[in-house]
Amino acid sequence: VGGKLRDHIEGTGQFVDWDWTYNQGNYAGAALEMYLDSGDPAELSRAVAAVDWAVANLTSSGTFLFEGVDDTGGFKAILTRNIRAL
């Protein structure tokens, strides 16, 4: 909704709304590739919406928020790579 991606659905059918740059970045990259393959402008709009949501909700003064330790630094790399591609 509005560019926000849900993290997953539990076995019970419950949606889980964890906000990660990883989710936004992977979706933005996939939608961009769909656009490049199909030329469908709706796919480009989806990619931009995912990035716009991430920037509006997962940053403070333009800097992506801390998401934890271990592999979470790589989460931002996925999103920033796809921002650059857009």
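This is a predicted model: local features need pLDDT of at least 70, side-chain atom pairs count only at pLDDT 80 or more; totals for chains, interfaces and linings use all residues.
## Nonpolar core

The largest nonpolar core of the model comprises nine residues: Leu5, Ala28, Ala50, Val51, Trp53, Ala54, Leu58, Phe64 and Leu79. Helix 2, which spans residues 41-57, is the element that gives the most to this core, with four residues. In soluble globular proteins, nonpolar side chains tend to be buried together.

Leu79 belongs to this core. Residues up to four places away in sequence aside, Leu79 touches Thr21, Gln24, Gly25, Val51, Ala54 and Phe64. Among these contacts, Val51, Ala54 and Phe64 are also members of the core.

## Helix 3

Helix 3 runs over residues 72-85 and has 14 residues. The distance from its first C-alpha to its last is 21 Å, close to the 20 Å expected at 1.5 Å a residue.

Six positions of helix 3 are listed as buried, namely Thr72, Phe75, Lys76, Ile78, Leu79 and Asn82. Because these residues cover an arc of only 155° around the axis, they lie on the same side of helix 3. Their packing partners are helix 1 (21-38), helix 2 and strand 4 (63-64). The face turned away from the buried side carries the exposed residues Arg81 and Arg84.

## Aromatic pairs

The structure holds two aromatic pairs. In one of them, the ring centres of Trp20 and Phe75 are 5.3 Å apart and the ring planes stand at 85°, so the pair is edge-to-face. Trp20 is placed in the loop between strand 2 (15-16) and helix 1, whereas Phe75 is in helix 3; the pair thus links distant parts of the chain, 55 residues apart.

The aromatic pair of Tyr22 and Phe75 is tilted, with 5.0 Å from centre to centre and 40° between the planes. Since Tyr22 lies in helix 1 and Phe75 in helix 3, this pair ties together parts that are 53 residues apart in sequence. Trp20, Tyr22 and Phe75 form one aromatic cluster.

The accessibility of these residues can be stated individually. Phe75 has a relative accessible area of 14% and is therefore buried, the limit being under 20%. Trp20, at 24% relative accessibility, counts as partly exposed. Tyr22 is likewise partly exposed, with a relative accessible area of 36%.

## A charge over a ring

A further arrangement involves an aromatic ring and a charged side chain. Arg6 lies over the face of Phe15, at 4.2 Å from the ring centre.

## Glutamate 43

Glu43 is located in helix 2. Its relative accessibility is 15%, so this glutamate counts as buried. Beyond its neighbours within four places in sequence, Glu43 is in contact with Ala31, Met34, Tyr35 and Ser38.

## Glycine 2

Gly2 is found in the segment before strand 1 (8-9). With a relative accessible area of 66%, Gly2 is exposed.

Gly2 and Ala28 are 26 residues apart along the chain, and their C-alpha atoms are separated by 13 Å.

Note on methods: Residues are numbered from 1 along each chain as its sequence is written. Side-chain values use heavy atoms; hydrogens and water are left out. A nonpolar core is a set of buried Ala, Val, Leu, Ile, Met, Phe, Trp, Tyr and Cys residues joined through side-chain atoms within 4.5 Å. Buried means under 20% relative accessible area, exposed over 50%, partly exposed in between (1.4 Å probe, protein chains only). Helices (H or I, at least four residues) and strands (E, at least two) are DSSP runs, numbered from the N terminus. Contact means heavy atoms within 4.5 Å. The expected span of a helix is 1.5 Å times one less than its number of residues. The arc is that of the directions from the helix axis to the C-beta atoms. Rings of Phe, Tyr and Trp (its six-membered ring) pair if their centres lie within 6.5 Å; planes under 30 degrees apart count as stacked, over 60 as edge-to-face and the rest as tilted. A charge sits over a ring if NZ of Lys or CZ of Arg is within 6 Å of the ring centre and within 35 degrees of the ring normal.
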